[in-house]
Amino acid sequence: MWCLAAICLPAMAAPDGEFKDIRITADKTGHAGELNTDAREVAQLLGVMKFAEDLHTARQTQASGTPIPRRFLKEKVICLSQIELALEEVRKFVATINQDLATSNSSLDGLSDRKNQATALINNVNFTQAGILGDVKQGLRLDAAPYSATQSIGTTFFGNLALLGVSAVIVPSSFRTPVQECPTILTFVLDPNYTPPVSDQGYLWKYFNAPIPGAKNSLTRRQILMRHWEDWLELNPKDLKLINQLKAQHPESKKLFEKSFGLQRQILLLRDLRAHVEEFDNALYALHQSISDSGVEHAG
């Protein structure tokens, strides 16, 4: 995980850097015999809160040897099916992130190769001209040429050396690549109006659009993640050109280009987003553990 601690203060009162380290899951606390906060929130999100509480209570009483009524089996199937739906959504989302990461890494590798080739070419030209002009200068000295002629060669040599040396720095840094054609999954966070394709099963989207239980503010997870990226990577949400580059969704994006730094930032954002999506996956696992049992005896 990229981030370890959740710091949740009101946005207007948060000092610079307040959101550099975050965690978007609630603290796993709860009263004895009850679902922890993490599992409780996910159960509410999946619409199985009553079933989850019943199953968790039954799991607690199982230790005393009391048989669990068969009616809980149906409730457990419903809970597990909802968890499976949410897990499928997480898997698809993570797969899309990995695809975007592969595309971004491929673009970055291609751009880096072009920059390395340009640098190597300029260095080769520099060494070649240095060797040629050095030989010419030595030849003029052996032929007892005027001093001004040899100095002229020397001046040309050092001038080319300086020009090509500066070019080796400037030219590669000017290389860029077109923004990828398909929209990236970063739209999920960067676009507040984003709606998942299947809105009634958009559990992950609902999770990100909900505040963290027990937090000291009313910011949603999406808003906290945006603040995190602002503090961590200095992502300016008002920079429309940058946002369009990252989303690759706006029609103007097709006219935009990216440099190495932009691709590196996009890769960091995708990796960080994947880490926080996995926190939702961990919350689903916590709910699964709360309602699961081993060798449960069902009453007839």
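Biologist: Why does Y207 count as buried?

Modeller: This is a predicted model, and in it Y207 has a relative accessibility of 1%. Buried means under 20%, so at 1% Y207 counts as buried.

Biologist: What makes α1 and α9 roughly perpendicular to each other?

Modeller: The axes of helix α1 (residues 37-46) and helix α9 (residues 260-291) cross at roughly 95° and come within 8 Å. Angles from 65 to 115 degrees count as roughly perpendicular, and α1 and α9 are therefore given that description. On the α1 side the contact is made by D38, A39, V42, A43, L45 and L46, and on the α9 side by F280, A283, L284, A286, L287 and S290.

Biologist: Why does V169 count as exposed?

Modeller: Exposed means over 50% relative accessible area, and V169 has 60% relative accessibility, so the residue counts as exposed. V169 belongs to helix α4, residues 147-173, and together with V166 and I170 it forms a nonpolar patch on the surface, the three having about 280 Å² of accessible area together.

Biologist: Which backbone angle of E234 is positive although the residue is not a glycine, and why does E234 count as exposed?

Modeller: The angle is phi, with a value of about 55°. As for exposure, the relative accessibility of E234 is 67%, and because the cut-off is over 50%, E234 counts as exposed. Its place is in the loop between α7 (221-233) and α8 (240-247).

Biologist: Turning to the whole chain, how many helices and strands does it have, and what share of its residues count as buried?

Modeller: The chain has nine helices and two strands, which follow one another along the sequence in the pattern α-α-α-α-β-α-α-α-α-β-α. Of its 300 residues, 41% count as buried, while the accessible surface comes to about 16,400 Å², with 56% of that area belonging to carbon and sulfur atoms.

Biologist: How do you know what share of the contacts join residues at least 24 apart?

Modeller: Contact here means heavy atoms within 4.5 Å, and among contacts between residues at least 6 apart in sequence, 73% join residues at least 24 apart.

Notes:
Residues are numbered from 1 along each chain as its sequence is written. This is a predicted model: local features need pLDDT of at least 70, side-chain atom pairs count only at pLDDT 80 or more; totals for chains, interfaces and linings use all residues. Side-chain values use heavy atoms; hydrogens and water are left out. Buried means under 20% relative accessible area, exposed over 50%, partly exposed in between (1.4 Å probe, protein chains only). Patches are made of residues with over 30% relative accessible area and no salt bridge: like charges are joined within 9 Å, nonpolar side chains (Val, Leu, Ile, Met, Phe, Trp, Tyr) within 5 Å. Accessible areas come from the Shrake-Rupley method with a 1.4 Å probe; for residues, only the protein chains shown count as cover. A salt bridge is a side-chain nitrogen of Lys or Arg within 4 Å of a carboxyl oxygen of Asp or Glu. Helices (H or I, at least four residues) and strands (E, at least two) are DSSP runs, numbered from the N terminus. Axes are lines fitted to C-alpha atoms, for helices over the stretch in contact, and angles run from 0 to 180 degrees between N-to-C directions. Angles under 35 degrees count as roughly parallel, over 145 as roughly antiparallel, 65 to 115 as roughly perpendicular and the rest as oblique.
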